Amino acid sequence: MYYRETGQNVSSYAEDRRMVPVREDRWIMWTFLAIMFFVVPFWANDYWLSAILIPIMVLSIATLGLNIATGYTGQLSLGSAGFMCFGAFTAFNLLFRVEWMNIWLAFLCAGIVAGLVGIIFGLPSLRIKGFYLLVSTLCAQFFAEWFFNAYPWFLNYTSSGVVALPPFHYRFLPFQDQIFDFFGLEKDYNAYVWRYLIALIVTVLLTVACKNMIRSSTGRNWMAVRDMDIAANVIGIPVGKTKLNAFFVSCFYTGIAGAMYSYCYIGNVDFMIYNLRRSFLIMFMLILGGLGSILGSFLGAIFVYCWPILVTRFGDAVFGGGTLDTAFVENNSKIIVGTIIVLLLIYEPMGFAGLWNTIKHRLRIWPFRT
Amino acid sequence: MSNGANGKEPHMIIENIDLAFGGTKAITDISFTVYKGEICAVIGPNGAGKSSMLNVINGVYIPQKGSITFEGKKFSKMKPHSAAVMGIGRTFQNIALFSGMSVVENIMTGRNLMMKSTWIENALGIGRCKREEIEHREACEEIIEFLGLQSIRKTQVSALSYGLQKRVELGRALAAEPKMLLLDEPIAGMNIDEKLDMACFIQEVNYNRGTTIVLIEHDMGVVMDISDHVVVMDYGAKIGDGTPEEVKNDQKVIDAYLGVSH
Amino acid sequence: MEVLTTILSQLATIFSTDPIGGMFTPFGMETLIAGMLSGIMYSLVGIGFVLIYKSSGVFNFAQGTMLLFAALTYVSLTERQVNPVMAFAITTVVMIIMGIIIERTVMRPLANQDLLSLFMATVGLNYFLEGLAQGTWDSAVHGLDLGIPSDPIFVADVARETFGWESPWFDILVSKFDGFAALTALIMVGGLYAFFQYTRTGLSLRAVSDDHMAAQAVGIPLSKIWAIVWAVTGVITFIVGLIWADRLSVSFTLTWAVLKGLPVILIGGLTSIPGCIVGGLIIGASEKLGEIYFAELFGGQGIEHWWAYLTALVFILIRPTGIFGEREIERV
């Protein structure tokens, strides 16, 4: 490692519970954020924004949401995409029907609605444990898919089942028109650069909030319930309340991720994409990244999302453009992702996050071995 | 408040507790009194129902009959959560730590009842959150220091040895500042040094903080040394109750421990 | 209010003697029986699940993909002019080998992990097999006709001709295909029961399912037992896959069979094969009745996906470990 925490002694408990404890890490983080906010929007082209950066952020937040329920509180959930669906439709209907609504408030409401739905489907967790809880979350998944199909009002009776989101939905600044006029900017509010910035702000806020919860009593209560619920009960943690709280926060994140998925990533609302397969993909991202790790949620999302793209790119570069057909790439990435999941579970149950920690530890004591 | 036979104030009175699982009787008609500030040992052969007794006291099991009077309030059954609120702390026979968390986090969970900040405050890092975290961390550090856990405070508990885990569990229970502490075999399975350390901790907690302690233990040497009051159980029934001296000379107790030809 | 009126009127219909609405009429019976029989199809998927869960505590999510893999292998072989008997034999061997490989490479290294890790491993395995099945063969839709008759039987005819019984209650149509599936299920359950109860391996299996450690301590070769279970499950899955394929044809949709099996085994209690059958009957019946009586309430059709899960949820809320599941006493 080029830098070590040696010599950076904490002298108060406030310093000890810093979000990023090592000084050099803080520098790296601030530089990274500065680049993401001030360099990337000017430099990156639409492909990078729309096909790489935005989806990674959106999926990371969805994974983080699942992580809160499954990774931190130990409540197995296979309904992520269903909760995303509730989030996306809430945001759409608010922005479509309410004139004074802005995108931030719509996202917040999307989270709250998804969270409330999450509480309803989380209620059985008060009585049911373990795998039996799969019934409840799968029920939520299928219910969401069916619900928005059966009640077309939520899609404004669009017969195709898909609504493209027009620029006027993207109301992210007060006096937006005037400001854009003033700076002489083009008024395509749904340009990728704006979508990127919206996604970035939401992602940063939610990540910080998650970290804050994890290092406070909320997170400790979740983990206590996950690790041993009887003991948690005996030391006075209200187990049921904690579970429902975790379901709410988890689905709040997932709901916002759903709204982002529609608004920032694909640019339309469509209940078909929030299907069980997407729930599974999010589950894969969580497992690969590592349960109970915020960094892991990001790493998992990056890997699962980027692997097929890399394979395609690699094929194009080696065998010439378009040689690898989509079916091959898809099957290949399924086999690879499946294999990596099993290998990680065997050798590094904490996923990529665990792998990262091991590497860090090895580098720290290099050239000695553990 | 009525005073007990030996002039002390009762802290908890257990009356006629019956507990059965299906057809198996675990506890039959047990009554005893724990006095304020004493160390009360519950002893008896394996399967005598000692752990079940503790589970009844803090509400993990619900007895079919009987009542528990804690600090003058009478209950026909306890709930684990309300037991914790009333100030009954507990450690377990098979360590029940939160294995995915560090030592300091485990001990901090013990103070959850005193932390009032909501999850929204915590998420945004506003309001009571920061102040509470630091305040309670200070209290937990005192316990860490008392138990000599400073060097491992950031270690994940699943990586610790058995003896240390037992200590962390005691720390978690102490963090809640309980009025009564139920310890289920706190020194079982330890080597002699660890045993002595733990026995010292228990006595110190009892002496300095005035915490009433109910403990289950098999090590007779330690039991006779540290306890003020011994309750003997066998086959779910109480067969002896008194000071260590009285119990030691009780014929029924000797029979239960040494066996008697019927 | 409107919802309440609909519920009440539906309830009234259920208890009426309306020939096409009342539940306690030949029509109602027909619906119920058809539902229960189609539920047996779900039980069939559940049997493999239960077998693995019972013996190793693994909640095998890859069940559906194993089913697809087997059916796809068989169909692809027959399409390549392999004689059906030969194809059956080859696929059986393939499934046995696959079971052993899974045990070797996935289950054994994870033997002492917690249940969640094992579950996640099967989720990974599921994804792997999906890629493998479609990568080895293809992802097209293949028809499969095993010659299982699918025409319905009119029960009244059978009752009159064989037993000379007459009753309006026999005016029921029953699908021969469903009957066939039920018969298969019966044979399988009988076979498994005999295997568990009367063979040495079966005895070891029961020991292993009770307590891994204790079983190992008395010298039961754990890995061998697990390999047997996975191999047997592979073969059972293959047979079930054929029946499902005959009904649905072989394609990716087949993997969703697992989602039909899930509520069934959860109602039954994860460790009980009879429970699996009972669960199938309940889910099947509930799906049919829900479709007929309650779909209208929810704006039309297509409620079956979540209705089955809702039914399961209700049952599990009443009995948190299923109808036949073992209730664990939590010790502290």
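Let me start with Thr311(C), which counts as buried because it has 22 C-beta neighbours inside 10 Å. The cut-off for that label is 20 or more. Keep in mind that this is a predicted model. Thr311(C) belongs to helix α13 of chain C, residues 304–318. Leaving out residues up to four places away in sequence, Thr311(C) touches Pro263(C), Ile282(C), Ile283(C) and Ser286(C). For a sense of distance, take Ala217(C): 94 residues separate it from Thr311(C) in sequence, and the two C-alpha atoms are 41 Å apart in space.

Now chain C as a whole. It has 13 helices and two strands. Along the principal axes, the C-alpha atoms of chain C fill a box of roughly 60 × 60 × 40 Å. How much of chain C is buried? Of its 332 residues, 45% count as buried. As for contacts in chain C with a separation of 6 or more, 74% of them are between residues 24 or more positions apart.

Next, chain C and its contact with chain A. On the chain A side there are 34 residues in contact, and on the chain C side 39. Which elements of chain A give two or more residues to the side that touches chain C? They are α6 (134–150), α12 (276–289) and α14 (326–347) of chain A. The most comes from α14(A), with twelve residues. By residue type, the side of chain A that touches chain C has 25 nonpolar residues, six polar and three charged.

While we are on chain A, one residue to look at is Thr90(A). You will find it in helix α4 of chain A, residues 80–97. Is Thr90(A) buried or exposed? With 25 C-beta neighbours inside 10 Å, it counts as buried. Not counting residues up to four places away in sequence, Thr90(A) touches Cys109(A), Ala110(A) and Val113(A). Ile256(A) is 166 residues from Thr90(A) along the chain, yet their C-alpha atoms are separated by 9.7 Å.

Six strands of chain B form an open sheet, and reading across it the order is β6-β7-β8-β3-β9-β10, with mixed pairing. At the edges sit β6 (88–91) and β10 (237–242) of chain B, each pairing on one side only. From one strand to the next, the twist averages 15 degrees. Helix α6 of chain B, residues 162–175, packs on this sheet and touches β6 and β7 (180–184) of chain B. The direction of α6(B) makes about 170 degrees with that of β6(B).

Why is β3(B) described as largely enclosed by the rest of the structure? Because five of its five residues are buried. In a regular strand the side chains alternate between the two faces of the sheet. In β3(B), one side has Ile39(B), Ala41(B) and Ile43(B), the other has Cys40(B) and Val42(B), and both faces are covered, with all of these residues buried.

Last, the domains of chain B. The domain assignment gives domain 1 as 1–87 + 178–236 and domain 2 as 96–177. Their centres, taken over C-alpha atoms, are separated by 25 Å. Where they meet, eleven residues of domain 1 of chain B are in contact with ten residues of domain 2. On the domain 1 side, α2 (80–86) and α7 (192–209) of chain B each supply at least two residues. The most comes from α7(B), with four residues. That side of domain 1 divides into nine nonpolar residues, one polar and one charged.

How values were computed. Residues are numbered from 1 along each chain as its sequence is written. Chains are lettered from A and ligands numbered from 1 in the order in which they are written. This is a predicted model: local features need pLDDT of at least 70, side-chain atom pairs count only at pLDDT 80 or more; totals for chains, interfaces and linings use all residues. Two strands pair if DSSP finds at least two bridges between them. Axes are lines fitted to C-alpha atoms, for helices over the stretch in contact, and angles run from 0 to 180 degrees between N-to-C directions. Two residues are in contact if their C-beta atoms, placed from the backbone, lie within 7 Å. Ala, Val, Leu, Ile, Met, Phe, Trp, Tyr, Cys and Pro count as nonpolar, Asp, Glu, Lys and Arg as charged, and the others, Gly among them, as polar. A residue is buried if 20 or more other C-beta atoms lie within 10 Å of its own, exposed if 12 or fewer, and partly exposed in between; C-beta atoms are placed from the backbone. Domain bounds come from an automatic or database domain assignment.
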